[in-house]
Amino acid sequence: MTLEIGASGSPASPVPEAAIPVSAQAPAWRHRHLLDVDVLDWSEIELVMTTTDAMREVLARPIAKVPALRGRNVTILFYEASTRTRVSFEVAAKNLSADVVNIAAATSSVTKGESLVDTIRTVEALGAQMLVMRHAVSGAPYLAAAHFGGSVLNGGDGWHAHPTQALLDLYTMREHLPGGSVAGRKVVILGDILHSRVARSNIWSLTAAGADLWLCGPSTLLRGFDRWAAASPRIPGHGRFQVTSDLGAALAGADVVMALRIQRERMAGGLLPSLREYAARFGLTRERLAAARPDVVVMHPGPMNEGVEIAPDVATDPRSVITNQVTNGVAVRMALLYLLAGVHGEGR
Amino acid sequence: MPMSGRQIMTVEEIRRAVIRISHEIVEKQAGTSGLVLVGIQRRGVPLARRIADAIAEHEGVRLPVGALDITFYRDDLSLIAQSPVVKGTDLPFDLNGSTVVLVDDVLYTGRTIRAAMDALVDFGRPRAIRLAVLIDRGHRELPIRADHVGKNVPTSREEVVKVHLVEVDGVDEVEIERLPAPLGETVGVSGTTG
């Protein structure tokens, strides 16, 4: 396949002259839904990255708006609390001139007992053509996709997947790593892996990108991942990754460290003695970060519990790209809304 | 790129057409003041650079050249799936008050030019927008005409005009080819756009 712009070129960079003849065969996009990253092959992930470059260029314009999705209805249906993902999708859709409808399940007929399938049929009857959905139950967007005539974008389902987060994380890493590639780079995801849809989606995209991926946390929050890691060589298209509770080994020479939120609401099961103990043993502090490369990239998908999984001075350190993740989130979601909008009916 | 159709412009003819267009542009503007060239991705961009080179040679003035991608301004969403790649927009100058010469390889239905004008006015308010194309093949679907044309080529809708440029395709030539069976609109495929 042929992509015409350097994958992670800065959006302000001049349009490159085509120095080498390229084949006329452009890649096509065939996915109607985005439910997880595991269905994207590498050329499709690259296409998302280059389309995100173009969206970054749009965001830098005096009028950061293009008419690509004019007349399209994008309905945002969130069954779980969210600020950045919901607002990010809304801003992304509006930058593409789509009409945006917001539904918070807490204030909808869902509280009167309406089923998920009924809600999906209702929003479709009300004109929804693209549905962005977050749900506390893993797999709920797959059910929605089976009953919805348009495109479903998963904005996070239970512990399962958060594909747009994984893609914006990959984009942000490529933007900040020397050479613009994560291949061969040591990437550490630190914290509550067990309850993390962010980690699960990132495992797929980062191993596909050739990263040396390490998952690190207390063993109670890594349950089952060692079996996934052991099985990964037998999964087509899946790369290897490491699972450890040894924080020193994980951080040694790391190129990227991503801290995950300790989800207080999911801590009822006695998996951690206390937040203080977690912070003392696994909190990302300046002292611990000294074991990583001097130019380590520090990330966090948010929202942060500062002082628990990440020290406040690390979150605001010059090496932290946490606010870049938020900005890139808008561009990645614009890219995905745009790519999915062209596929109807027969798409997968 | 292998030749599969009938050649309608040679290297030399393309070179002379570019030089003539460069003279026409300067003549129409009565100079080069306020002029900028904007190539439409993809083959309009190298053509705009060639016109700028020719103007630099005979006027001694180097005009600013920009690149415009009209992908987000197309009027048919179903085209995204076929050709989703965005090639990038770069307009490194202020459009306000300038005279913009849009440059593209083939003028056909006029829909690409409509999209390009919509895109341009999002960046500013040019004093005037003009249009230069290498090939005008007719069959307009919108009230648009070119100010500067390299070659007028009468075609049927069953034919495809392919512009090849060294910068993109490794060779300079224009050929015309008859489609085996009537296909749908081919807007969005570089080199055959409207």
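These legends walk through close-up views of a predicted model.

Local features shown here need pLDDT of at least 70, side-chain atom pairs count only at pLDDT 80 or more, and totals for chains, interfaces and linings use all residues. Residues are numbered from 1 along each chain as its sequence is written, while chains are lettered from A and ligands numbered from 1 in the order in which they are written.

**View 1. Chain A as a whole.** Let us start with the overall build of chain A, which has 12 helices and 9 strands. Both kinds of element are DSSP runs numbered from the N terminus (helices are H or I, at least four residues; strands are E, at least two). Chain A is as compact as a globular protein of its length, because its radius of gyration is 20 Å, close to the 20 Å that the globule rule gives for 348 residues. That radius is taken over C-alpha atoms, and the rule is 2.2 Å times the number of residues to the power 0.38. Along the principal axes, the C-alpha atoms of chain A fill a box of roughly 60 × 50 × 45 Å. Buried residues account for 48% of the 348 in chain A; buried means 20 or more other C-beta atoms within 10 Å of a residue's own, exposed means 12 or fewer, and partly exposed lies in between, with C-beta atoms placed from the backbone.

**View 2. Where the two domains of chain A meet.** Domain 1 covers 37-162 + 327-341 and domain 2 covers 163-321, with bounds from an automatic or database domain assignment. In this view, 22 residues of domain 1 of chain A are in contact with 19 residues of domain 2 of chain A, contact meaning that C-beta atoms, placed from the backbone, lie within 7 Å. On the domain 1 side, helix H1 (42-59), strand S4 (151-157) and helix H12 (322-341) of chain A each give two or more residues. The centres of the two domains, taken over C-alpha atoms, are 25 Å apart.

**View 3. A parallel sheet in chain A.** Four strands line up here as an open sheet in the order S2-S1-S3-S4, with parallel pairing; two strands pair if DSSP finds at least two bridges between them. At the edges sit strand S2 (99-104) and S4 of chain A, each pairing on one side only. Further in, 5 bridges join strand S1 (residues 73-78) to strand S3 (residues 130-135) of chain A. Look for Val74(A), whose bridge partner in S3(A) is Met130(A).

**View 4. The contact between chains A and B.** Chain B brings 24 residues to this contact and chain A brings 29. On the chain B side, helix H3 (79-82) and helix H5 (166-169) each supply at least two residues, and H3(B) gives the largest share, 4 residues.

**View 5. Backbone details in loops.** Most residues other than glycine have a negative phi, and most peptide bonds are trans. The bond from Gly302(A) to Pro303(A) is cis, with omega near -10°, and Pro303(A) is in the loop between strand S9 (297-299) and helix H11 (312-315) of chain A. Another cis bond joins Gln41(B) and Arg42(B), where omega is about 10°. Ser97(A) has a positive phi near 70° and counts as partly exposed, because 15 C-beta neighbours lie inside 10 Å. Ala30(B) also has a positive phi, about 55°, and this residue counts as exposed because it has 7 C-beta neighbours inside 10 Å.
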